[in-house]
Amino acid sequence: MTLSAAASRRESFPLLDDVIVLADIAMASNHPQKIVPALAEGLRGALADVGALPAWLLETSADGPVRRELYRSPEFDYQVIAIAWAPGQGSGVHDHADTWGVEAVLRGELEVLDYRIAGRHKALTELRPADHRPLPAGSVIGLLPPHHLHACRNAGQRGVTVSLHIYGKPLRDVTRYVHEHEALYREEKARLTSV
């Protein structure tokens, strides 16, 4: 993303400036166990008055959720992503590699289903549901390595859900778990792309 594109997005989405300030302050502790709760708490306060989201942030695709990189810190290397989820769209089961993350729902409701590894069977992994979390607008969760595996989806039937994700470093490659049979999944590396 060019500097002018980043500046343009920040001007049309003022909450992004608050997110950057909160993340920079939290990053000063230099320990994920302190960064994640501090950033999550700060975001809860900032989300109290999100206001209207810019139209470009609500644009979806029939091909799946749309990931938009909003910012990458030149000083701390954290990344801010927004994801637009059309009604019914979701992700498969995945991890966040070895980085921490904070996720917030700006609009709509995101449903998160956490999984735990119950066993390994040669090339397949046995996964069991561990927790189900409906996250309405204003919700914030933090993730610390080792991450719980999870799948996310917009469970709504009408509106677009927009979530904001802050990762400790740019999240390019993740492990996806592709369902094979009953509770068995095949692991595959996946490269994430953003618009």
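**Helices on a sheet, and its salt bridges**

Helix α3 (residues 32-46) lies across β4, β7 and β9 and runs at about 10° to β4, where helices (H or I, at least four residues) and strands (E, at least two) are DSSP runs numbered from the N terminus, and axes are lines fitted to C-alpha atoms, for helices over the stretch in contact, with angles from 0 to 180 degrees between N-to-C directions. The model is predicted, with local features needing pLDDT of at least 70 and side-chain atom pairs counting only at pLDDT 80 or more, while totals for chains, interfaces and linings use all residues. Residues are numbered from 1 along each chain as its sequence is written, and side-chain values use heavy atoms, with hydrogens and water left out.

The open sheet has five strands in the order β1-β2-β9-β4-β7 with antiparallel pairing, two strands being paired if DSSP finds at least two bridges between them. Its edge strands are β1 (66-72) and β7 (140-143), each of which pairs on one side only. Helix α2 (residues 15-27) packs on this sheet, touching β1, β2, β4 (101-107) and β9 (161-167), contact meaning heavy atoms within 4.5 Å.

The structure holds 11 salt bridges, each a side-chain nitrogen of Lys or Arg within 4 Å of a carboxyl oxygen of Asp or Glu. In one of them, Asp98 meets Lys169 at 2.8 Å, N to O, linking distant parts of the chain that are 71 residues apart. Asp98 is exposed at 53% relative accessibility, whereas Lys169 is partly exposed at 34% (buried means under 20% relative accessible area, exposed over 50%, partly exposed in between, with a 1.4 Å probe and protein chains only).
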